[in-house]
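Morning, everyone. Let me put the model up, and then we can walk through the ligands.

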Amino acid sequence: MTAAPDAATEGGHDSGPVTAGMQAEQLTTTGVFDVLHPPSGELIDDCVHCGFCLPTCPTYLLEGNETNSPRGRIYLMKMGKAGEVPMDEEFVGNFDACLGCMACVTSCPSGVKYDQLIEAVRPQIERNWERTRADRLFRTMIFSLFPYPARLRPAAFFGTLYQRLGLRRLLAATGLLARLPARLRAMEALLPQLSLSSVVARQPVFTPAVGTSRHRVGLLSGCVQRVFFGDVNAAATRVLAAEGCDVVAPKGQQCCGALSSHAGREEEAIARARRLIDVFEAADVQTVVVNVAGCGSSMKEYAILLRDDPAYAERAAAFSAKVRDVSELLAEIGPVATRHPIPAKVAYHDACHLAHAQGIRAQPRAVLRGIPQLSVLDIPEAEICCGSAGIYNLVQPEPAERLGRRKVEQIVTTLPDAVVTSNAGCLLQIRRYLDAGVPLFHPIQLVDASIRGVDPISSSRAVATSSAPTASIPT
Amino acid sequence: MEDRGTVTVLTPTDQPGPAPETPTHLSPPTAGAALADQLRAQLAPDRIITDLTRLRTYECDGITGYRVVPALVALPESTDEVALVVAACARAGVPYVARGAGTGLSGGALPVADGVVISLARMRRVLDVDLVNQRMTVEPGVTNSDITKAVAAHDLYFAPDPSSQTVCTIGGNIAENSGGAHCMKYGFTTNHVHAMTLVLPDASVVTVGGDGAEQVGPDLRGAVIGSEGTLAIATSVTVRLLRKPEAVRTLVADFASAEAAGEAVSGIIAAGIIPAAVEMLDALAIEACEAAVHAGYSLDTAAALVVELDGPTAECDEGFARVEEICLEAGATHLRFAADPDERMLIWKGRKAAFAAMGRISPDYFVQDGVIPRTRLGEVLARMQVMADDAGLRVANVFHAGDGNLHPLVLYDAAVPGESERGEHLSTAIAELCVEMGGSITGEHGVGTDKACSMPKMFSEDDLAVMKRLRAAFDPDGISNPGKIFPTPRLCGERPGPYRVHPLEAAGLIERM
Amino acid sequence: MTESLTQPRPETAGTGVVRPTTVAEAAQVLSGSTGSVLFRGGATQLDWAGRVPDPDLVVDTTDLSGVLTHNPGDMTASVRAGTTLIALQDQLAGAGQWLALDPPTASAGATVGGLLATGDSGPSRLRYGGIRDLVIGVTIVLADGTVARSGGHVIKNVAGYDLAKLVHGSLGSLALVAEVVVRLHPLPERSVTFTGDADAAQATAAALALAASPLEPAAVEWASAADAGRLLVRVDGTEASVDAAGRSLTELLAGLGVTLTALSAPDATSAWQAHAAAVVGSDDETVVRVAGLPSDLADLAGSAQDAARVADLRVVVVSSAALGMHTVRLSGGSPTGHAQALTQLRGRALERGASVLLRRRSPELDGLVEALGPPPSSADLLRRIKAEFDPTGRCAPGRFSPWF
Ligand SMILES: Cc1cc2nc3c(=O)[nH]c(=O)nc-3n(C[C@H](O)[C@H](O)[C@H](O)COP(=O)(O)OP(=O)(O)OC[C@H]3O[C@@H](n4cnc5c(N)ncnc54)[C@H](O)[C@@H]3O)c2cc1C
Ligand code: SF4
Ligand code: SF4
């Protein structure tokens, strides 16, 4: 009385419906997966096929297609593992389409660890599936650009010039923009309008606590973040210092590997993880603070990523245990610096990698509510991803755009003065579809402003008609 | 994945038997391919799925024990498109099965081999909201919760509340006549639908029901609701909305035994109180729910009752005080009152996660869905315990205690040889015990594939024959969800025992209808 | 209740009347006979939706009566179809329960089976639902004598098709209702009726306001009168809750210009009796039932008045205002006037999406106007069902003409 694939995996009795292409010999193997950590049968079996995860899955929301749902994906893992379906275009396409937003992890009453399952499947696909040349090139391009601040900075600089010089408008007017391939167009459109100060900002290696030091923290300065959102790192550093933390931003830190790991580029991710652990061990900090949700969730999973590496397994676990989102840390240590009022209503958008992957929902709201006269609004359909999801909006531009528009439609129903979210990707994605008059912030930017006694929201309102950049993510 | 069905895996050659369940003259194996080409030409290509990889994910619904791979899946986006797919099926003589969210627990949306699955998941628009007359028209793929969400700001809601409400669709609710914890007071889906647009198996589109509370002629809307997709596909549904009650009071009462809890329920009913909901959980069920949701149920109690009253404040408060007394009289060991809407939501979240949370305490389980006259609860629980002991298995119990709808969850481990068979037998025996007690084999999950073989325990051959006449009027060729509800020799083998007059019935003491 | 209602209609020469006492007997009668057959209960509403001319056989359920089971703890009861509602209520009252149904024909001896076949209901439908919502099991006998049951004795049950719904409103055209199982409600501790003058527009506003409020009245009825009309509102509940609800609804309706006063118990009883009689009407009247959106009350009442005025008839409109169900009674004038008014009213109501059922009319009207309006989109399906259940067409021929 068991689902056939189950029986098949365990070499048990009767198999499922006999279908073309299904090979009996495969039934005792790991099917379409290789033996290197295929998705765990036990984790797969935790799924009771109840469907409770369907309504929170963004791809199911878009497609209304069982395959493109968490339940469908888990089912396919099971089928794949039993060798009942081939690793074909449909199979791969279905997992590529997954945003990795982990909304399904939150909504599952059975506690299915889809995060671990999908992270097991992605490297399998990278190893065992031949992507088309164009796909390969594009992915390589992303991974040779985004994780490298040094490369990204000039690119962004030129990007900024390109924007400033009105080249974008020119391209659009000549219709050339429309002729760029969809994925490049997506990249082009995502480019935030940067303030040059943010692009050239450099992070000091050590910032001492204001007053007596009560904590020594290491700050992940990030890759994409460091370039596009230098302002956020600066704000985080000021706030942490004001709250009594010595802040170390170790030199030599690079990308944490989140993008690679979410895309199944495991080798790359592992190398980056090892390197980051080395760097922070040397910095000798109590806590590693991250202000990008995606990076934080990845770093909290180093323990799993490096479980097979005898030299790193233990160190990785110790490292992961020290990682905190900046709002998480602030909520933990409590405020000491005085906050000044910011009279405004802000809509708080839960970044998937914070809310679903790390279960952090209350802390950022609490930190924001610590600002006098600031009210925090919840957005309808909060559990649905905005479509950013790592490199998703680059490799799957069309669904990403539909999700982005849908998210913004929900955001505007709350009539906010500003929108706040804790992830670089979400900021970029939402900025793209949100009315330019509504500023976007990372929560830490508002805390910083509040401590410094400036009100970025009404000042941005005041200048909304002019194009001058503001302290916020420049609009 | 857990299985909550029977071991049966239906292969293409093992399809349910004779007419009207299956069109005998029809559907050569290649019909699917020809149909796919034709439908792709008529609908957008992204509406049709034929690759095996994706088809496999449609092979089962909420119970994975029954699996059949369909020939194709269609994802129509309007009534016209549904009619078009049905017309193509009718012409080609290919059977089809409607599918909502696939949360059904009786294998109702199980595909037919070489047949078509018509998924309504893309039809999820709200078509009309009439706040003044408190009704709303939606497409069939709209989820039960989304109906309420759309009008919650106006203090209105859709009353039927299956535990799966965040996922399951109104189309599925119609097909199964779904109810929920609150149906004791508020009734089932059939009590909350004004009108439906249906696509019949001959592809004609008809409206049943209407604006008025009364319609002329036989109640077709009522006949179709609960027919498990065998009579028609609903493509738009006008539902009745209720005004939110002025007050809601919820308590959780712990008891030292399920019998004591049962006594409290009887006391409440005898006092002339109709609670909005009375749910009972036993220790095992509580353990699972707590593991999943941390709703604050006591872990050290044999049974807990969730009692909810709602209505005008004065009435509600008065009744609630009585309920509290009655629970204490019946020996409640602990009472917990929901202090605010959040705590109330949490209590319900715990209860509603019960089935899915079983995965936390057992590798596999069967969900049963029998109904008994509530007054025989003690007797049934005792019998069930003996049966479980005999089978050497654990049974967790969650049930809608107010209306006698039991959901015994038979826990087993498929990895232990023989356990799944014992589990299946125990689960079936429990359903049939319910019939023996004057109840029913299903209170809300439907007959589907899973219980078709138990139908003869409840109904005579003539009863079933007359029901089939109704089916023949709608679907003479038997192409709409064949193989469900009615037992077939192929599916049931020798199993369906003949309907026999129960000794008590013969003696005129009970009656079975 | 008028006298004529309690009198069974005299049978014509060729008609045989049988009075089976059990389901088996009823089955035998049907399997052992041919020719047209009319099923008859309390004979209170025999002519709805078309008359059955000269049936060869009348199966009278008067003796197919009696309460079979009553399980107070489970709040269910089963009865033979010919049991009158009054008899059932009498028996249930002992246990503090009732079948929450108060159709206007109750006092004239309406039977439970007949009520299911007509689908008739009364003011309490607002709170407790109609008979379709209260029946949980049924035994029917088909034209060929086949006995079939569906549903059961438990409130919650989804096994098999719901044949009770199919015969609901079928007016004897598909099968004989032989036994019925119902769910019961506790008798309310207290019931208070309020009344106040209101015209159709005020009644509409009041009904909608009450529906939008959390007050949950048990009944909201309106009847037209020479001077505008009168509203009847009933609240069921406990001693305390009824008082609280009474205060709130009086206040609510005062805001709409309707002044409510509470009736004493005897006054309430006679007010409801008069109200029921106003729904039933008499043999020489044309009685039409219109059901539509609650917000259309004033419009439909206006249409009825217009239609009557044009044909020079007297008109009374009695409404279950919050449910959108209206009974229109036309009297006086000529048969052609009635036919003309009926056609006009029906046209207008159908335009508004309402359903229209012709309940009573004098025989002179039969040749002048169809009993039913244009067939609905489901007419073909209804004919197929009729053909499956009654292949020879012997059950109530003429009923639902011209749809069937
Ligand atoms: C964890 C869990 C808890 C549950 N709790 C409850 C509960 O408390 N109460 C309850 O009643 N049920 C419950 N269910 C069962 C299930 O959710 C309901 O039966 C639900 O109504 C099914 O809806 P669906 O959209 O998933 O339909 P599906 O499973 O997709 O289909 C069910 C049936 O409906 C038919 N169908 C679907 N759409 C249409 C349509 N548009 N027109 C015609 N036929 C159609 C299908 O052919 C099939 O026969 C539960 C299920 C789960 C997994
Ligand atoms: S909610 Fe969890 S158990 Fe249910 S189908 Fe989704 S992953 Fe599986
Ligand atoms: S991670 Fe997000 S996109 Fe992927 S299956 Fe889960 S909910 Fe869907």
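First, the ground rules. This is a predicted model, where local features need pLDDT of at least 70 and side-chain atom pairs count only at pLDDT 80 or more, while totals for chains, interfaces and linings use all residues. Residues are numbered from 1 along each chain as its sequence is written, chains are lettered from A and ligands numbered from 1 in the order written, and side-chain values use heavy atoms, with hydrogens and water left out.

Start with ligand 1. Where does ligand 1 lie? Between chains A and B. There are 35 residues around ligand 1, and B:Ala98, B:Gly100, B:Thr103, B:Ser164 and B:Thr169 come nearest. "Around" here means a heavy atom within 4 Å.

Now the polar contacts, meaning pairs of N or O atoms within 3.5 Å. A polar backbone atom of B:Ala98 sits 2.6 Å from an oxygen of ligand 1. For B:Ser178, a polar side-chain atom is 2.8 Å from a ligand 1 oxygen. B:Asn481 has a side-chain N or O atom at 3.4 Å from an oxygen of ligand 1. Alone, ligand 1 exposes 970 Å², and the protein buries 99% of that. Those areas are Shrake-Rupley values with a 1.4 Å probe.

Who builds the shell? In chain B, strand E3 (96–99), helix H5 (170–176) and strand E10 (233–240) each supply at least two residues. Helices (H or I, at least four residues) and strands (E, at least two) are DSSP runs, numbered from the N terminus. H5(B) gives the most, with 5 residues. By class, the ligand 1 shell has 15 nonpolar, 16 polar and 4 charged residues. A note on classes: Ala, Val, Leu, Ile, Met, Phe, Trp, Tyr, Cys and Pro count as nonpolar, Asp, Glu, Lys and Arg as charged, and the others, Gly among them, as polar.

Next, chain A. Ligand 2 has 13 residues around it, with A:Cys47, A:Cys50, A:Gly51, A:Cys53 and A:Cys108 nearest. The ligand 2 shell splits into 9 nonpolar, 3 polar and 1 charged. Ligand 3 is surrounded by residues including A:Cys57, A:Cys98, A:Cys101 and A:Cys104. The ligand 3 shell holds 9 nonpolar, 1 polar and 1 charged.

Last, the backbone. B:Asn177 has a positive phi near 50°, and is not a glycine. B:Asn177 is in the loop between H5 and helix H6 (183–186) of chain B. In chain C, a cis peptide bond joins C:Ser401 and C:Pro402, with omega about 5°. C:Pro402 falls in the segment after helix H13 (379–389).

Note on methods:
A polar contact is a pair of N or O atoms within 3.5 Å; within protein, one must be able to donate a hydrogen and the other to accept it, and residues adjacent in sequence count only if both atoms are side-chain atoms.
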